[in-house]
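The sequence and structure are shown first, followed by the points grouped by topic.

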Amino acid sequence: MGHRLAELIEQYEVPGAALAYWHRGELHEFAAGVLNRDTGVEVTTDSLFQIGSVTKVWTATQLMILAEQGRLTLDTPVIELLPEFKVADPEVTRQVTVRHLLSHTSGIDGDLFLDTGRGDDCVERYLEACATLAQNHPLGATQSYCNSGFIIAGRIVERLTGQVWDQALREQILDPLGLTHTWTLPEDVIRFRAATGHVEGGATTPVWGLMRSCGPAGLINARPADVVAFGRAHLEGRLLKDPAVMWEPQVAIPDPHALGSHWGVGWILDEWSGHKVVSHGGNTIGQHAMLWVVPDTGTVVAVSANGGHSGAFTHAVATELFAELDGLVVRPRLAPPAEPVRIDPARYTGVYERVGARITITDGGGELTLRMEATGALAALQEPQELALVPVDDVTFVARRPGDPDWLSAVFYELPDGSPYLHLGVRATPKKESA
């Protein structure tokens, strides 16, 4: 795979990448490209990349360790663990549970990226700011990706362990597994060969990483071999007595074409060639990572990249590698149908909005256009984009960014109460205005 990794990063314009996989009792590691185009420092197998939201599985595991110790259950209300917890809806404040947080079904608006400082109280202060968060959807009604929920989950870890999240992570997972190349804070990461992200056009990012308050949702930096070791620990029961509890489906993902068919407890669930696959992906500012685990073959794969068409790149790596190792056919990316599909544009047009994003669907003579605008703290880092929506069927559409080899999928659907939603990027966005 070594030569293919180098070929694939060139094909997908990725500055640098590292790959590790465990198969039939052996660890394999590969690296290609550069960590930073400005410095030209080469990627090595022990280089640290930001793994982004793959961190969420680690945070979920921390809570499950505490659950096995009898400190909580998945159905414990958050307010019993954090009496000061509050969101805008008083009923949600009373009823939301740990299970809701870890399966992205809380409905709490999930993309509050708030810098609450570098101090050890940053997650605690973030929790205070959640008091104004409104509902993206009714509690438990659907799945919508919720960074806020995992930061709240990280605060539960802090309360029950009496430690800041970073230190609890070290004592619960990193030290027991001997993970020497997994860190969360930049002052630790800088002691190693560390990747810098690259944005569109190949320039290095203006900001190296996210704010510390987002730690439990996405601040782990690690070499792929350490991420593989974490995945193996789940397979081998070295962190949890019954890790399969985390692989039980909790909710169907309205758009099953993006990452998987269901969400478990922390993990994303799918099936390839009749085999269960548990996974998670992560994106930070210019960096991307993926972790896949196939329980019945014992194969674990982790790959990280620092820019370019990184999503298409990691999907290509998985497609080739799992076919070679286990004979599995990875779920292909959805693409436009061979024959055009007729639709009524008026059914879809309007403004869909949630915290952090505004999506406007307009009709241009029978062809739909999607305009995505970032709002809030990350707006300055993301330019608005307009994409043509191509129908696959009467609810499913695909779109492609200019120059991107991959298609994005989007699903229009309704909640049980009839409320219209758009599911895009594993997030449910409610329709606020009709055209």
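Methionine 372 has glutamine 385 of strand 15 as its opposite residue. The model discussed here is predicted.

**Strands 13 to 15**

- Strand 14 and strand 15, the latter covering residues 385–391, are paired antiparallel through 5 bridges.
- Strand 14 (residues 368–374) also runs antiparallel to strand 13 (residues 357–363), with 7 bridges joining the two.
- Across this second pairing, isoleucine 361 lies opposite leucine 370 of strand 14.
- The hairpin of strand 13 and strand 14 has 4 residues between the strands, and glycine 365 adopts a positive phi near 70 degrees there.

**Largest cavity**

- The model contains 3 cavities of 30 Å³ or more, and the largest of them holds about 50 Å³ of space.
- Its lining includes Gly107, Ile108, Asp109, Gly110 and Asp111, together with Asn136, His137, Ser144 and Tyr145.
- Arg354, Val355 and Arg427 also line the largest cavity.
- The lining of the largest cavity comprises 3 nonpolar, 5 polar and 4 charged residues.

**Second largest cavity**

- The volume of the second largest cavity is about 40 Å³.
- Among the residues lining the second largest cavity are Asp120, Glu158, Asp166 and Arg212, as well as Cys122, Val123, Val164, Trp165 and Gly215.
- Helix 6 (122–129) and helix 8 (165–177) each contribute at least two residues to this lining.
- By class, the lining of the second largest cavity has 4 nonpolar, 1 polar and 4 charged residues.

Note on methods: Residues numbered from 1 in each chain as written. Predicted model: local features only at pLDDT ≥ 70, side-chain atom pairs only at ≥ 80, totals over all residues. Heavy atoms only, no water. 1 Å grid on protein atoms, 1.4 Å probe; cavity = no way out; pocket = protein on both sides within 12 Å on 5 of 7 lines; lining within 4 Å. Points joined across faces, edges and corners; volume = space filled by probe spheres on them. Nonpolar A, V, L, I, M, F, W, Y, C, P; charged D, E, K, R; others polar. Pairing = 2+ DSSP bridges.
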